Each structure stands twice: as C-alpha cells, then as structure tokens.
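Here is a short briefing to read alongside the model. Please keep the sequence at hand as you go through the points.

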Amino acid sequence: MNIKRQDVLVVLKMLACGERKATFEQLGKELGLSASEANEAFRRACRVGLLRQADGTPVKVAIAEFLIHALKFVLSTSPRGRTRGIPTGYAAPPLSQHFNPVSDDPDMPVWPDPEGQHAGLEVVPLCRSAPRAALRDPLLYEWLVLADAMRGVGKARERELAESIIRERLGYNETG
C-alpha cells in the first residue's frame, strides 16, 4: 500500500482539527480536494495506521514516527528555482519564531503562488492544494511547515527543531 501526498495532507488536517469532526465533503472543500479524494485519502491513511478506522482520530505515535523517520524518503523535496509565493520552512510559523527570517531573504523557501507576497526559492508543496488550504487554517499551515522541514526543506538545525516540535505536539518521546 503506497501512501499518497493527499493522504498526508488529510492526516495533517485531522491533527489540526482536533476534536472537530467533518464530512468528507467539508474536509475536501477545506483542503481543495473533492469529497471522493478526501474519502480515499482518509481510507488509505486508516489502512496504513495513521488514523483510526473507527473514528478517524489521529494515531499520534504512528504519525510522529512517519513524519520524523519516513516522510523524507517517500515525499522528499528541496528548494529549487526562484518564484513568488507563500513562505514555508524556517520562514513560517512555528519555525520562524526561532529563526527570525528577513522578509526579503532571497533564499527564503516558498510554495509557488502568483498572489504570494514573498520571493524566494520554490518548494514543491506536499500537495497542489496545500498552500491555499494552509492560508485558511493556521494550525494546518504549521503542520505543513513542520512536514516540509522533515521532507528536506532547510538545514539540519531546522529539521532538528521541527522534529522537537513534532515530538512535543504529539507526545512522542521515543528516541531513534
């Protein structure tokens, strides 16, 4: 069973939602997916153990292990050519609180967006609809930024900080 980009987006949205439940139509609309895409992504995430089949709640230990140890292998990325867009990596919360990025930093990682207010190095988003979904949900934005750091956006210290934040938020204290 392969995990797809939209599956990870759905899992991160479920983390951002907390206790709030949504229909697949609502979930899809919030993420820029169709209801059937949201449903399939949800089902795949359940099958691989990232969400509980019974109620869709996130399996925090599994998600932490996946984000920390596997995401960089299955959905890696690295900054490339220059573009306008939406900040990610060290240039966006929660990492930006620790790095104090400069708004005109030419090496700032950004998701491409023609309406973006920042120029920087292009980072392919986790999923094509992720940047717009992030702008509608600040907590999802933070989870996507942490995922980008684990996918290979940034240097070792950004990945280490992202890992630390993931561990703290998910209550995951295992080492390895």
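At what angle do α2 and α3 pack, and how far apart are their axes? The angle is about 100 degrees and the axes lie 7 Å apart. This is a predicted model, in which local features need pLDDT of at least 70, side-chain atom pairs count only at pLDDT 80 or more, and totals for chains, interfaces and linings use all residues. Residues are numbered from 1 along each chain as its sequence is written, and side-chain values use heavy atoms, with hydrogens and water left out.

**Helix packing**

- Helices (H or I, at least four residues) and strands (E, at least two) are DSSP runs, numbered from the N terminus.
- Axes are lines fitted to C-alpha atoms, for helices over the stretch in contact, and angles run from 0 to 180 degrees between N-to-C directions.
- With α2 and α3 at about 100 degrees, α2 is roughly perpendicular to α3; angles under 35 degrees count as roughly parallel, over 145 as roughly antiparallel, 65 to 115 as roughly perpendicular and the rest as oblique.
- On the α2 side the contact (heavy atoms within 4.5 Å) uses F24, E25, L27 and G28, and on the α3 side A35, A38, N39, F42 and R43.
- For α4 and α7 the angle is about 60 degrees, with axes 8 Å apart, so α4 is oblique to α7.
- Here L67, I68, L71 and K72 of α4 meet W143, A147, M150 and R151 of α7.

**The largest nonpolar core**

- A nonpolar core is a set of buried Ala, Val, Leu, Ile, Met, Phe, Trp, Tyr and Cys residues joined through side-chain atoms within 4.5 Å, where buried means under 20% relative accessible area (1.4 Å probe, protein chains only).
- The largest such core holds 56 residues, of which L12, L67, L95, W143, L144 and I166 touch the most other members.
- Elements giving two or more residues to this core are α1, α2 (24-31), α3 (35-47), α4 (60-74), β2 (109-112), α6 (130-136), α7 (138-151) and α8 (156-170).
- The largest share, 9 residues, comes from α7.
- Beyond residues up to four places away in sequence, I166 touches A64, L67, I68, W143, L146 and M150.
- As background, nonpolar side chains tend to be buried together in soluble globular proteins.

- D7 sits in helix α1 (residues 5-17) and counts as buried because its relative accessibility is 0%.
- Not counting residues up to four places away in sequence, D7 touches N2, A41, R44 and A45.
- T88, in the loop between β1 (82-87) and α5 (96-99), also has 0% relative accessibility and therefore counts as buried.
- The side chains of T88 and D148 are joined by a polar contact of 2.7 Å; such a contact is a pair of N or O atoms within 3.5 Å, and within protein one must be able to donate a hydrogen and the other to accept it, while residues adjacent in sequence count only if both atoms are side-chain atoms.
- Leaving aside neighbours within four places in sequence, T88 is in contact with P109, V110, W111, V123, V145 and D148.

**Prolines**

- P87 lies in strand β1 and is buried, with a relative accessible area of 12%.
- P87 and P109 are 22 residues apart in sequence and 5.9 Å apart in space, C-alpha to C-alpha.
- The peptide bond from P93 to P94 is cis, with omega near 5 degrees, and P94 is in the loop between β1 and α5.

Note on methods: Buried < 20%, exposed > 50% of the residue type's maximum accessible area, 1.4 Å probe, protein only.
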